[in-house]
Amino acid sequence: MYWVWLCILVSWHSPLKAVDCSTDTVGLCSPTIEEIIDETSTETIQYEADGYTVTTETTTVTTTTTVANEDSGDILDGDNDFVATSKEGDMDVDWGGQGPANMPSGNSCFGLGADKCAQITGSGNSTSTMGVDGMGTTFINTVDISDLDIEYGGKTNYTIKVDKQDAQDRIYMHITGKNGNTSVFSGTDILSESGVASGYQEYEGGFDFAGTINTLIIEIGGRDINLAIGPLFDDVTVNVLYNTINTIVQQSITSVEMWVAYGGSTETEVIDIIENIFEHNDIVTAPDGDINIEPEFDEPDMEVSYDIVEIEMEMELPTMEMEMPEMEMEMPEIEVATVEIEMEMEMEMEMPDPEVKVEAEPTTEPEPEMEEPVNETETEAEPEPADEPADEPKEDVAEEPEPEESAPEADADEDQPEDMEEPEDKGEAEEKPVKKPESKKEKAAKKIVKKMGDKGRYDSQNQLKTLIVMQVLGNTKTFFDSQQQLNDRVGFFSDESLPDAFINDNNIASYFLFAGSEGLMDEMVMQQWQK
């Protein structure tokens, strides 16, 4: 039977930056990023006979809201798929509208270029379809922009080129934005009023709006008062800049369990495995919300250098002398090794190779002496020098396919004059010639590396220390001190420069090179002819 206790804790973090943009916002919003983090922690305790388990589950919900400004591009450009070719802003075709109009080209467009342009020729004074007074002629273009999904307001920007030859004429720019049949905004700019000698000009402007729009109505109109040359215009562009709001919600759940065991008394003992993990590891949260546990490595603050490592090794030397006293009890082992080598030599002499046996048959008289007990002392092996004449043929046998076994036996027989202790020294050399005793610096270096531990030896500072320890053992600190700097030969280099793409010939050198060698060759030929 167990009980479950549930505790819910909720914490809220303030956003990084508040979003100030909504459907009521007029114009463009400032691009911002808003991040709201909600954390909910649930702790569950499950009791059992020998302890209880504490489970902490944390749910993190991160809401990221991004406000940006998008650009539709020129909606009067047919390549952007908002208008047909006949409704483009290059004014090659009449848009249609109110009052009389003309579409001249060439010199009749004056500063607008040789291609076609639009001309206002109406002299009337009435109100246009879009509600603008003082109108004689209008050009009207209705554009569907519902594909942009504009919901949070924005701004329409326009540009237009105008050439007004008669100062008494007038021309204006008007844009109306609608959401279905509902008018959202309406703006009019008088580009050049009557009485102003503007001539050729390029105009630009814009109108802010809020909420949703899906249709734009563009009206360009004016009056030709003197009925001479009315206002001309061309190259009309309209861009829609609008706000977008994107919201992304991410949720991550982290669960941690801790087991608490009951002790022998009424007190409880907490097994702090989880605390130990969090204490000795780094908890890293990935961008996708995953939590990773990575081991942490303590970086030493002290800089590692050649001199510091050398001092540390010198400090280890007296410590090692105290911890590792020298042992001088190896003599009995040497004697035993010597006796074993001597026994192996005698056994080899008792059982020679088949090839050696054929050549040594005439000298088999000393064999009874060779069959004496193997465990004899050095004094009992003294009769062997008498066999030197009989063993001489073994020197020839040493050239057979097994020189490594027969050569030491022949050398041992020849080099044993009177003192039989010599083979013992050779046996000892063959037994332990391999390992060279470690110096005190090598032992100190191993102790320094051992102190790093299995985990610390992969630390960047400890790896650098290991390389410096190898340099100290190799005594490479003063390797380059004795190097001599070679000086350039005086007068070897010249400040004179050779002419480009031309090299002067040395006539005297050429004479000695070619004439001298030819003369020597002629002399050699003549000597051969005379002989």
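**Disulfides and an open sheet**

Mentor: In this predicted model, the structure holds two disulfides.

Trainee: Which cysteine does Cys21 pair with?

Mentor: Cys21 is joined to Cys29, with an S to S distance of 2.1 Å, and because the torsion about their S-S bond is about 75 degrees, this disulfide is right-handed.

Trainee: Buried or exposed, that Cys29?

Mentor: Cys29 is buried, with a relative accessible area of 4%, and Cys21, at 11% relative accessibility, counts as buried too, since the cut-off is under 20%.

Trainee: And what about Cys109 and Cys117?

Mentor: Those two form a disulfide with their sulfur atoms 2.2 Å apart, and both Cys109 and Cys117 are buried. The torsion about their S-S bond is about -100 degrees, so this disulfide is left-handed. Counting bonded cysteines along the chain, the pattern is 1-2, 3-4.

Trainee: Switching to the sheet, in what order do the four strands come?

Mentor: The order is E6-E11-E8-E9, in an open sheet with antiparallel pairing. Strand E6 (137-144) and strand E9 (182-192) are the edge strands, each pairing on one side only, and neighbouring strands are turned by 15 degrees against each other on average, direction ignored.

Trainee: How many bridges link E8 and E11?

Mentor: Strand E8 (residues 170-179) and strand E11 (residues 215-223) pair over nine bridges in the antiparallel sense, and Arg170 has Arg223 in E11 as its bridge partner.

Trainee: What about E8 and E9?

Mentor: E8 and E9 also pair in the antiparallel sense over nine bridges, with Ile171 opposite Ser192 in E9. The two strands form a hairpin with two residues between them, and Gly180 in the turn has a positive phi of about 70 degrees.

Key. Residues are numbered from 1 along each chain as its sequence is written. This is a predicted model: local features need pLDDT of at least 70, side-chain atom pairs count only at pLDDT 80 or more; totals for chains, interfaces and linings use all residues. Side-chain values use heavy atoms; hydrogens and water are left out. Two strands pair if DSSP finds at least two bridges between them. Axes are lines fitted to C-alpha atoms, for helices over the stretch in contact, and angles run from 0 to 180 degrees between N-to-C directions. A disulfide is a pair of cysteine sulfur atoms within 2.5 Å. Buried means under 20% relative accessible area, exposed over 50%, partly exposed in between (1.4 Å probe, protein chains only).
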